[in-house]
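Let's walk through this model together, starting with its charged pairs and moving on to a helix packing and a loop residue. Keep the structure open as you read.

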Amino acid sequence: MRHANIKHGSFHLEEHNMRITRARARVSGSSGRLPPLHPSTKQDKKQALGAESKRSKRSASDENRPGTSSIATGVQPKRRAVLKDMKNVLHENSHMNCINGSKIQVKKGSDKRNNKAKPAVSLKLSQLQEKGKEDIADKVKKVKVEGSQEISSGANCKEDMLPQLSRYVTPAQCGLVHLVPVNRSSCKAFPLQNVMKKDESKVCQKQEGFANLGIADIDSRHKDPLMCSLYAPDIYNNLHAIEFDRRPSVDYLEKLQLDINKGMRGILIDWLVEVSEEYRLVPDTLYLTVNLIDRFLSENYIEKQKLQLLGVTCMLIASKFEEICAPRVEEFCFITDNTYSKEEVIKMESRVLNLLSFQLASPTTKKFLRRFIQAAQASYKVPSVELEFMANYLAELTLVDYGFLKFLPSLTAASAVFLARWTLDQSNHPWNPTLEHYTRYKVSELRTTVFALQELQMNTSGCTLNAIREKYRQPKFKSVATLAASKPVQSLF
């Protein structure tokens, strides 16, 4: 660094790398020379403060320009003006959400002004707090008086009365008021508790009544959701009511169908049993298929060439209604050796659905059989698998026989349980108060149906349709088709 000293009006020149700012240029213009790099302690301190305030007005591009902030080695940077005695002091009532959270005190003079303002603010807060408490207390008293009047008039205390207090608290009162607790002891009982007590009392009364009559309560397992214990009685009340409405005609072959007879119908259903086994369909699909066929034939004439088409179409509809994964239309066409095309099946499907007005949910024998088997198992310490298979075997035999259309599905299911119990055990009477209660049939009402069912079991007519018999001769069904009662059932009536 070079220094040039000129006496008598000369000036001090320093050659350095520091950039000449606007503030330094103004100072140099007023004084006629450049200001020194090292200003004096007092006089130059004011100049540094003024220069610093003016530097803050410069654009960001000038300050961020590279190389502008570098200072030569050995030169001390300028001191920046710093506001002293600045403190962030929180307000005494800053914990309240309704008031501004903090106040800044600047030096001692501002502290005095803030201290004078604090009593007014705290006084205002206390007034709001007292006012809010008084409002809430008045409203709570009003609610208590209304509740006591309702209780005195004989009405139960409503649980909805208690949450109404939350409406009296506005956001402005948040943190300033406190809810007064309500004395819940004045309420006699909540509605939910009353309902639970009533349900428990009903169950106890029901069980006591059944015990006196010798009836087993098959709906006592309320904790098992799969049993639908709470809804089962209502469900079967509805099924008993609608089984009269959605049953086919008992003599449609004689009055309407002139091209088909009982034998053709039996052959079709026997073949559909094999189809259901081929595709592993659930029993409900087979029962619903036969129901749809009979209901359609009860109202619509059909040629015998279209009878098989009607059968596969009704099974397609029943599969869509009952199965999780129903077979495709092409599979039903294939099972008929492609006798019918896909378009013919779809056209027949539309025809059946429109004729039945899409009312497919029908109470079949299988639906009642589940309930009645459950009632029959109540008399066994260990559930009997043979009883279930035998009852299902006898019920499926009725599907092929046209003569069983005159019996209600519930009556057929009750007769199947009666004959199944008698076939497996002739030492005890197959009917008891539990079965009579749940089936709603007395022994005398089952006589005709049981006699017809036993003839079907013994195959006294020599029927050659053996699909169902072959099915239940399999070991997986305990070969119940090979069993027969050693004593005639007529001795029970």
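There are 11 salt bridges here, counting a side-chain nitrogen of Lys or Arg within 4 Å of a carboxyl oxygen of Asp or Glu. Side chains of opposite charge can pair when their charged atoms come close. Bear in mind that this is a predicted model, in which local features need pLDDT of at least 70 and side-chain atom pairs count only at pLDDT 80 or more, while totals for chains, interfaces and linings use all residues. Residues are numbered from 1 along each chain as its sequence is written, and side-chain values use heavy atoms, with hydrogens and water left out.

Begin with K342 and E330, whose side chains form a salt bridge with N and O 3.0 Å apart. This pair links distant parts of the chain, since K342 sits in helix α12 and E330 in helix α11 (residues 329-335), 12 residues apart; helices here are DSSP runs (H or I, at least four residues), numbered from the N terminus. K342 has a relative accessible area of 37% and is therefore partly exposed, where buried means under 20%, exposed over 50% and partly exposed in between (1.4 Å probe, protein chains only). E330 is partly exposed too, at 35%.

Next, look at D251 and K255, whose closest N and O atoms are 3.2 Å apart in a salt bridge. D251 is partly exposed at 23%, whereas K255, at 66%, is exposed. Finally, E277, E396 and K471 are joined in a network of salt bridges.

Now turn to helices α8 (residues 262-278) and α10 (residues 307-322), which pack at about 40 degrees with their axes 10 Å apart. The axes are lines fitted to C-alpha atoms over the stretch in contact, and angles run from 0 to 180 degrees between N-to-C directions. The two helices are therefore oblique to each other, as angles under 35 degrees count as roughly parallel, over 145 as roughly antiparallel, 65 to 115 as roughly perpendicular and the rest as oblique. Contact (heavy atoms within 4.5 Å) involves M264, L268, W271, L272, V275 and S276 of α8, and L307, Q308, G311, V312 and M315 of α10.

One last stop is S362, in the loop between α12 (342-355) and α13 (365-376). S362 is buried, at 3% relative accessibility. Leaving aside neighbours within four places in sequence, S362 touches R246, N291, R295 and K367. S362 and L239 are 123 residues apart in sequence, yet their C-alpha atoms are 8.3 Å apart in space.
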